Amino acid sequence: MRIIYSKIAKDTFWDQYWADIPKDPDKLSSPEDYPLFPICKYIQPGHSIAEIGCGMGRFFKHYFYAGYDIVGIDYVGEAIERL
């Protein structure tokens, strides 16, 4: 987890933060793109997954397009809209 100290309101900070992040790909090309390897041991097709703090959806989209039942939730509307 990243701790960020800012003098601006958290809503404004996160809107600006996500506005500067490029859109994530729909599929990850290898487990090294994101720490998928520890998670893959525990989930299988047919499992339901909830990703809390999904941001731009790198993890969410990877599993969604692989056929998993996944729900992504994030506090920042800007990230969800871009997802």
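Buried here denotes a relative accessible area under 20%, exposed one over 50%, and partly exposed a value in between (1.4 Å probe, protein chains only). The structure is a predicted model, in which local features need pLDDT of at least 70 and side-chain atom pairs count only at pLDDT 80 or more, whereas totals for chains, interfaces and linings use all residues. Residues are numbered from 1 along each chain as its sequence is written, and side-chain values use heavy atoms, with hydrogens and water left out.

The protein chain holds four helices and two strands, in the order α-α-β-α-β-α from the N terminus on. These elements are DSSP runs numbered from the N terminus (helices: H or I, at least four residues; strands: E, at least two). Strand S1 runs parallel to strand S2 (residues 69–73), and five bridges join the two; strands pair if DSSP finds at least two bridges between them. Ile52 has Ile73 as its bridge partner in S2. From S1 the chain crosses through H3 to S2 in a right-handed β-α-β crossover, that is, the path from the first strand over the helix to the second runs clockwise with the strands pointing away from the viewer. Just after H3, Gly67 adopts a positive phi of about 95 degrees.

Of the 83 residues of the protein chain, 27% are buried. The largest nonpolar core consists of seven residues, Ile43, Ile49, Phe59, Phe60, Tyr63, Tyr68 and Ile70. Helix H3 (residues 58–65) gives the most to this core, with three residues. Such a core is a set of buried Ala, Val, Leu, Ile, Met, Phe, Trp, Tyr and Cys residues joined through side-chain atoms within 4.5 Å. The buried residues in H3 include Lys61 and His62.

Phe60 is buried, with a relative accessible area of 15%. Apart from neighbours within four places in sequence, Phe60 is in contact (heavy atoms within 4.5 Å) with Glu51, Ile70, Val71, Gly72 and Leu83. Across the protein chain, residues 24 or more positions apart account for 51% of the contacts with a separation of 6 or more.

Four aromatic pairs are found in a search of the whole structure. The Phe60 and Phe64 rings are stacked, because their centres lie 5.8 Å apart and their planes meet at 10 degrees. Rings of Phe, Tyr and Trp (its six-membered ring) pair if their centres lie within 6.5 Å; planes under 30 degrees apart count as stacked, over 60 as edge-to-face and the rest as tilted. Both Phe60 and Phe64 lie in helix H3, four residues apart, about one turn of the helix. Phe64 is partly exposed, with a relative accessible area of 43%. Ring pairs also link Phe59, Tyr63 and Tyr68 into a cluster.

Glu81, in helix H4 (residues 77–82), is exposed, with a relative accessible area of 68%. The C-alpha atoms of Glu81 and Met56 are separated by 8.9 Å, with the two residues 25 apart along the chain.
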